[in-house]
Amino acid sequence: MFEGKYVVALGERDGVPGPAIEEILTAAGANVISTVTECFV
Amino acid sequence: MSTNPVVKAFAYLLVHTPDFVRYGSKPHRETGIDPDLHRQIASHLRSFEEAVAYPPNQVFLGNLHPEDLAAIPEPWWKHPVKQAKANGAYGDFVDQEAFYGFLKAADLFDLVYLTPKFTQIVSNRLKQHHLSIPQDLEKLGTGKELDKIEHAIEEQASLPLYHMGELVGSFQRHHEEDASLQAHVLMENLMTKASGAIAVRSLLRRAGYTPDDADYLISCSEEAVGDRYNRGGGNMAKAVGEMCQMRFATGSDTKAFCAGPIYALVHGASLVKAGVFENLVVLGGGCLSKLGMKLSGHLKHDMPILEDVLGGIAFLITPDDGQSPVIRLDSVGKHNIGDGSNQQDIMKSLVVNPLERVGLALSKVDKISTELHNPEITVPQGSGNVPLNNYKLMAALAVMRGEISRDDISRFIEERGMPGFSPTQGHIPAAVPYLGHAAEAMEQGKLNTALFVAKGSLFLGRMSQLSDGMSFLLERNPGLSYEKKA
Amino acid sequence: MDAENQTTIMRIADEYGAENVLVFLGAGDVEGVEISAETLVVGDPSFAGPLAGVQLGLQVYHILEPSLKQYIPGDLYEEKLGIFELVIDGQQIEQSLSKLREQANN
């Protein structure tokens, strides 16, 4: 599903943080081009 | 007697600042785009009495307990506490008029102009305030004429100051070209200083201390004091100590985003344990930039703007007195650089490891306090229930470790957790709003252990993608007799 | 979603083409996930950020959607995401986001 796609990891501090999403998706073969973590407070 | 330091006293502070909501980061930016927003903000502000009677604020001040809040139907803003008091068992609620007096008293560089008429009103109000001192009144002066104030606003980029919607003064910048000394930045810093100082004065009173009795202060507030050559240079702590006339103390700041208070308490307790200082104050002043942060959610749901208060916290750490709750320094949990940003690892570092170190299972600690952001503030904006989400993760971890079953998750949260009751003032909600409640319950023999956990968002400063956090276990003083146990 | 992140994603969609960009969310709150996804598909519902009135039509997923599990090595999934299976209802999120993805495709 990741072929030819550019992936943005938009994580959340109290959920799954950005770097964790990036690590998982990279292992799944995705090309992660931007990683951000949101903090709502 | 244990050799660990204790939290000998604590004080909490709320300051009602409805006319400063416009200067919170979010409202300030958005009213710049849409000036009509000022009208909407004005029609959704609360009176001081309404803010005092708001149930989560009463819990913050110690007049109600977190378990009382859990029993009050939501929305809490529709269920005011009857005969609510501004003076709390653990702290004080300061109204805006009095706060203008404290703000002017904190101002040593003529940053705050107030009209002569308003100066008189503020002076009368401050004279009666139990946390003011004679030196505050001397600093009020006689005020600045309205035409001078209007000129400063029109010609010198000063920011207008309002009370009940009426122009009463202005806030000056201190350098034309220095972004760090613009009026908005200095306002943020001075409000932290003034609120931090009120909290510390309250702490000293509650501890039965004079200002001469403390020897060190650590501020964990979220602001950046400094000029263009040293932005964030800091030492808010010493400025606060000066405003509290603490002649024999000095201080410094410990910053770690929202986790700051836990770091500051651990540093402070360590300095006391090492014998470097004996009467150490950890303080956090209020955070102007967070006012009205979730305002669009509140306006959308036609509810009052609940982020209309500054918070303040202060704790006194001393060597063991045989009574006060103990900070178990052998329990300190930390998020290591190599731990990564995986939630499971973060929770293990901050919750499981510290407890294991002192021989406690996750399912055996009496209470866990996490960041206690009031969900009624965050949920309408789609920002979730922060404490509940964290408690769920802790419960899930207990399931994965085989300590509880999947069916016990709700009970785990109910027994060990609590609803959020803190204003969303950045570092203020960092687990420590529960410390006063824990200390009281420990003194009464109703509680033996409580874990304090807070996380920080380093990535917000764009220097690191890392998560962060720290934790420690608070324990009933072993020196207390168990006869009192209820 | 804050304004900076909206700007970042808008720039990426512009640079790489919206049809080539996949966004993966990690928020723990279902309502929060829906608001973020809506922002990236049909525009900022609060009308406050740069995506107000901008229909990017991006494909938005949540990292915990059950059908994604097949793409991720099992041990890594267990290690990094195992805890969330007890906390977040991935099924519910998948249902809600797949509707939005269909909408984005149309």
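These legends describe close-up views of a predicted model.

Residues are numbered from 1 along each chain as its sequence is written, and chains are lettered from A and ligands numbered from 1 in the order in which they are written. Local features need pLDDT of at least 70, side-chain atom pairs count only at pLDDT 80 or more, and totals for chains, interfaces and linings use all residues; side-chain values use heavy atoms, with hydrogens and water left out.

**View 1. Chain A as a whole.** Chain A has one helix and two strands. Helices (H or I, at least four residues) and strands (E, at least two) are DSSP runs, numbered from the N terminus. The order from the N terminus is β-α-β. Along the principal axes, the C-alpha atoms fill a box of roughly 35 × 15 × 10 Å. Chain A has 41 residues, and 68% of them count as buried. Buried means under 20% relative accessible area, exposed over 50%, and partly exposed in between (1.4 Å probe, protein chains only). Among contacts in chain A with a separation of 6 or more, 55% join residues 24 or more positions apart. A contact means heavy atoms within 4.5 Å.

**View 2. A salt bridge between chains B and A.** Lys455(B) pairs with Asp14(A), with the closest N and O atoms 3.1 Å apart. The pair crosses from strand β12 (residues 449–457) of chain B to the loop between β1 (6–12) and α1 (18–27) of chain A. A salt bridge here is a side-chain nitrogen of Lys or Arg within 4 Å of a carboxyl oxygen of Asp or Glu. Lys455(B) is buried, at 4% relative accessible area. Asp14(A) is buried too, at 4%. A network of salt bridges links Arg13(A), Asp14(A), Glu371(B) and Lys455(B). Over all chains, the structure holds 29 salt bridges.

View 3. Helix α10(B) covers residues 183–207, 25 residues in total. Its first and last C-alpha atoms lie 36 Å apart, close to the 36 Å expected at 1.5 Å a residue. That expected span is 1.5 Å times one less than the number of residues. The helix is mostly covered, with 19 of its 25 residues buried. Just after α10(B), Gly208(B) takes a positive phi of about 70°.

**View 4. A salt bridge between two loops of chain B.** Arg247(B) and Asp212(B) form a salt bridge, with the closest N and O atoms 2.7 Å apart. The partners are 35 residues apart. Arg247(B) sits in the loop between α11 (236–243) and β7 (250–253), and Asp212(B) in the loop between α10 and β6 (216–219). Arg247(B) is exposed at 61%, whereas Asp212(B) is partly exposed at 30%.

**View 5. Where chain C meets chain B.** Here 16 residues of chain C contact 20 residues of chain B. The two chains bury about 1500 Å² between them, 59% of it on carbon and sulfur atoms. Buried area is the accessible area (1.4 Å probe) that two parts lose on being put together, summed over both. In chain C, Ile83(C), Leu86(C) and Val87(C) lose the most area to chain B, together 41% of what that side buries. Salt bridges between chain C and chain B number zero.

View 6. Arg11(C) and Glu15(C) meet in a salt bridge at 3.6 Å, N to O. Both lie in helix α1 (residues 3–16) of chain C, and because they are four residues apart, about one helical turn separates them. Arg11(C) is partly exposed at 48%, and Glu15(C) is exposed at 53%.
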